[in-house]
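Keep the viewer open as you read.

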Amino acid sequence: MRAINIGLTEEQRQGVANLLNQDLADAYLLLVKTKKYHWDVVGPQFRSLHQLWEEHYEKLTLNIDALAERVRALGCYPIGTMEGFLQIATLKEHSGDVPTATGMVANLVEDHEQVIRNLREHIDQSSEEFHDEGTADFLTGLMEEHEEMAWMLRSFIEGQELQPDGTKPATGSKTPVGV
C-alpha cells in the first residue's frame with residue numbers, strides 16, 4: 001500500500017482516528033436511542049416529538065457516515081460493530097426503560113450535551129496534540145449540529161414541568177429570566 005503523505009505522521013493520524021471512533025460510537029448510541037424514542041413516544045407531544053426525532057436521526061445518520069469516512073480519509077478504519085461501539089462509547093444505553101415523553105427529551109438533552117463536551121475536547125486534541133486542523137474543523141461542524149439539536153430539545157421542556165399525561169403541575173412553574 002502506498003504511504004499516506006498528508007503532513008501528519010501515522011501516530012497523529014491514528015490518534016485522531018481513535019478520537020473519531022469514540023465520536024462514531026457515541027453517535028451510533030445516540031442514533032439508536034433517538035430512533036427508539038421516535039417509535040415509543042406517546043402523549044400530547046407525540047406528533048411534534050415524533051417529527052423532531054425523525055429530523056434528528058436523519059442528521060445523526062449523515063454524521064455517522066461522515067465520521068466513518070473521515071477515519072478512512074486518514075488511512076485508518078472505523079469501528080463497525082455494536083460490541084466495538086459499546087466498548088468505547090461514553091453514552092449509556094437505557095435498556096428496558098421507556099420514560100415519559102419529557103423523560104425521553106431530558107435523556108436526549110443529556111446525551112447531546114455529553115457529545116458536545118466530548119467534541120470540544122476532541123477539537124482541542126486534534127488541533128493541539130495531533131496538529132490536524134482539518135479534523136478540528138470537521139468536529140467543530142459536528143459540535144454545532146449537536147448544539148442545535150440540544151437547544152431544540154431543551155426548548156421543548158424549559159420553563160415548564162410536565163406530568164406524564166402532558167399537563168402542568170399546579171405548583172412549581174418557572175418564569176424566564178427578565179420577564
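For sorting residues, Ala, Val, Leu, Ile, Met, Phe, Trp, Tyr, Cys and Pro count as nonpolar, Asp, Glu, Lys and Arg as charged, and the others, Gly among them, as polar. This is a predicted model, where local features need pLDDT of at least 70 and side-chain atom pairs count only at pLDDT 80 or more, while totals for chains, interfaces and linings use all residues. Residues are numbered from 1 along each chain as its sequence is written, and side-chain values use heavy atoms, with hydrogens and water left out.

Let's begin inside. On a 1 Å grid over the protein atoms alone, a cavity is a set of points where a 1.4 Å probe fits but cannot get out; a pocket is an open set with protein on both sides within 12 Å along at least five of seven lines, and lining residues have an atom within 4 Å of a point. Points are joined across faces, edges and corners, and a volume is the space filled by probe spheres set on them. One cavity of 30 Å³ or more turns up in the whole structure, and the volume of the largest cavity is about 50 Å³. Asp23, Ala27, Asn63, Leu67, Val115, Leu119, Leu142 and His146 line this cavity; helix H1 (10-40), H2, H4 and H5 each give two or more residues to that lining. By type, the lining splits into five nonpolar, two polar and one charged. Helices here are DSSP runs (H or I, at least four residues), numbered from the N terminus.

The largest pocket holds about 220 Å³ of space. Its lining has 13 residues, with Val32, Lys33, Lys36, His94 and Ser95 nearest the centre. H1 supplies the largest share, five residues, and the lining comprises five nonpolar, three polar and five charged residues.

Now for the packing. Helix H2 (residues 46-73) meets H5 at an angle of about 170°, with the axes 12 Å apart; axes are lines fitted to C-alpha atoms over the stretch in contact, and angles run from 0 to 180 degrees between N-to-C directions. H2 and H5 are therefore roughly antiparallel (over 145 degrees).

Finally, look at Phe130, in the loop between helix H4 (101-129) and helix H5 (133-157). Phe130 is buried, at 12% relative accessible area (buried means under 20%, with a 1.4 Å probe and protein chains only). Its C-alpha atom lies 6.8 Å from that of Val16, 114 residues away along the chain.

Definitions and conventions
Buried < 20%, exposed > 50% of the residue type's maximum accessible area, 1.4 Å probe, protein only. Parallel < 35°, antiparallel > 145°, perpendicular 65-115°, else oblique.
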